[in-house]
Amino acid sequence: MVHSAPEGGKMNYYEVNFDGLVGPTHNYAGLSYGNVASKANASLFSNPKQAALQGLEKMRALSQLGLYQGVFAPNARPDIKTLRALGFSGSDSDVISQAAKAEPQLLKACYSASSMWTANAATISPSCDTKDGKVHFTPANLNNKLHRAIEAETTGRILQAVFTDEEYFAHHPSLPQHSLFGDEGAANHTRLTDAYGHSGLAIFVYGEDIHSHVKPQKFPARQTLQASQAVARGHQLNPKQCLYIQQNPDVIDEGVFHNDVIAIGNENVFLFHQKAFYEQAAAVHAIRQSYTGSRPLHLIEVSQADVSVEDAVQSYIFNSQLVSLPGGGMALIAPSECQQVNSVETYLSALKSASNPVDDIIYLDVKQSMRNGGGPACLRLRVTLSEQELAASNQSCILTDSLYQELVTWVSKYYRDRLCEQDLADPQLLVESYTALDELTKILSLGSVYDFQRI
Ligand SMILES: N=C(N)NCCC[C@H](NC(=O)CCC(=O)O)C(=O)O
């Protein structure tokens, strides 16, 4: 895999995408009210093996573009600790069978592989934006959904096992588990900047300000202004370089449950839908005013006439990854569903030929994840790192050809190719999952990050 050589003497910065490895219990459980794909596909059989291989293929594709690619371990499921906290007892197998009979909904929540969507794992601020010059991490509390709120603790431990060096990395606890501080992490955070290593404008998009009446009527707003402000404070960001923008509550009601379903930014490019924000003209004006980079800012607004919100939600066009290529220019890594929605395909080919930094559109198949409402951008956590910070990170989590091969072999050995709700009652699934994950922590040199390894 080719990576660009550092330029003479200058410290290089990279955006490293840490993709969530899909866990062995990936299934469709209809757990996310407000996420239309999750509800629509609740009764489907899943294929965990295919899901994990699709994810690995995506990681390999990005690595082959010359980008640094990280691998982020999943949470361990089923979450026996939570089931025990909810009163189920006895052996692990007893806990599973009691929960399957009495509270199948809770069992499903504790079996979800939702930690794969690492855009929701944490908010990250690069060292060039923070007062103490360290990279700051706050795991998201994911307070709005039970199956996701139980991710925060283990995710925090994995972050600490990947970014261990205290000289470079500052880890915060997740925000208090209360709806006032509903935090969904990087999915609602965009950084606009001249170049990765320059300080940037941190745009925090929130669904709801707890003190305002402007809110969606049907579906929940998962990110609050109060949470975004708390994260920005903790990360020691310069208040002048933070912008808080409210998501349009009407589009949340159309299934846009995170900002990354309606907008995407990278360096000096921001691509967003005409209906993305509340009082959009003022929001766009504020972005333009607050951007301090010297390279021109490309604000690309996609009109409702070109791509309707409905088509955007169906295709997940805005859940593409926009990446800067080592040789210059940018590529949009789009889900292959975009090729099936006419308006979107037409728009993307026009975007590619128009005068802007987006030179290429690359379509990838992540269908197993898409059926639960997770596109390419949901599957990755962006971490901007200097060369030194990258060297100080856990190298076993950076994708190489041999790590890719090792993980494909590992998935092929342990993963099932079919799962449905009834299978969750099978105690053998727990054994398979924990055995696989125990081995994974060795492959990725993570130590004992899982509860089942710590008792
Ligand atoms: N847009 C971003 N960044 N992330 C997508 C997250 C999808 C996830 N789906 C789920 O959790 C569905 C699980 C289920 O129903 O089985 C969610 O709604 O939180």
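Helices (H or I, at least four residues) and strands (E, at least two) are DSSP runs, numbered from the N terminus. The views below show a predicted model.

Figure 1. The protein has 455 residues, for which a compact globule would have a radius of gyration near 23 Å. The value here is 21 Å, which agrees with that expectation. The C-alpha trace spans about 60 × 50 × 40 Å along its principal axes. Of the 455 residues, 53% count as buried. Among contacts with a separation of 6 or more, 77% join residues 24 or more positions apart.

**Figure 2. Helix H2 packs on helix H15.** Two packed helices are described by the angle between their axes and the distance between the axes. For H2 (residues 48-64) and H15, the angle is about 175 degrees and the axes are 10 Å apart. H2 is therefore roughly antiparallel to H15, since angles over 145 degrees count as such. From H2, the contact uses Lys49, Ala52, Leu53, Leu56 and Arg60. H15 contributes Tyr404, Leu407, Val408 and Val411. By class, these residues are seven nonpolar, no polar and two charged.

**Figure 3. Helix H15 also meets helix H16.** H15 covers residues 401-414, and H16 covers residues 427-443. Their axes come within 10 Å and cross at roughly 165 degrees. That angle makes H15 roughly antiparallel to H16. The crossing is right-handed. On the H15 side, the contact is made by Glu406, Trp410 and Tyr414. On the H16 side, the residues are Glu432, Thr435, Ala436, Glu439, Leu440 and Ile443. The contact has five nonpolar, one polar and three charged residues.

**Figure 4. Tyr415 sits in the loop between H15 and H16.** With 23 other C-beta atoms within 10 Å, Tyr415 is buried, because the cut-off is 20 or more. The C-alpha atoms of Tyr415 and Pro48 are separated by 6.3 Å. Along the chain, these two residues are 367 residues apart. Leaving out residues up to four places away in sequence, Tyr415 touches Pro24, Pro48, Lys49 and Ala52. Two of these partners, Lys49 and Ala52, also take part in the H2 contact with H15.

**Figure 5. A cis peptide bond joins Arg77 and Pro78.** Omega is about 10 degrees at this bond. Pro78 is found in the loop between strand S2 and helix H3. S2 covers residues 69-72, and H3 covers residues 80-85.

**Figure 6. Leu142 has a positive phi.** The angle is about 45 degrees, although Leu142 is not a glycine. Leu142 lies in a loop, with strand S4 (135-139) and helix H6 (146-149) on its two sides. Around Leu142, 26 other C-beta atoms lie within 10 Å, so this residue is buried.

**Figure 7. Tyr316 has a positive phi in a residue other than glycine.** Its phi is near 60 degrees. The loop that holds Tyr316 runs between helix H11 (309-315) and strand S12 (321-324). Tyr316 counts as buried because 25 C-beta neighbours lie inside 10 Å.

Definitions and conventions:
Residues numbered from 1 in each chain as written. Predicted model: local features only at pLDDT ≥ 70, side-chain atom pairs only at ≥ 80, totals over all residues. Axes fitted to C-alpha atoms, helices over the stretch in contact; angles between N-to-C directions. Parallel < 35°, antiparallel > 145°, perpendicular 65-115°, else oblique. Left-handed = near helix turned anticlockwise from the far one by under 90°. Contact = placed C-beta atoms within 7 Å. Nonpolar A, V, L, I, M, F, W, Y, C, P; charged D, E, K, R; others polar. Rg over C-alpha atoms; globule rule 2.2 N^0.38 Å. Buried ≥ 20, exposed ≤ 12 C-beta atoms within 10 Å, placed from the backbone.
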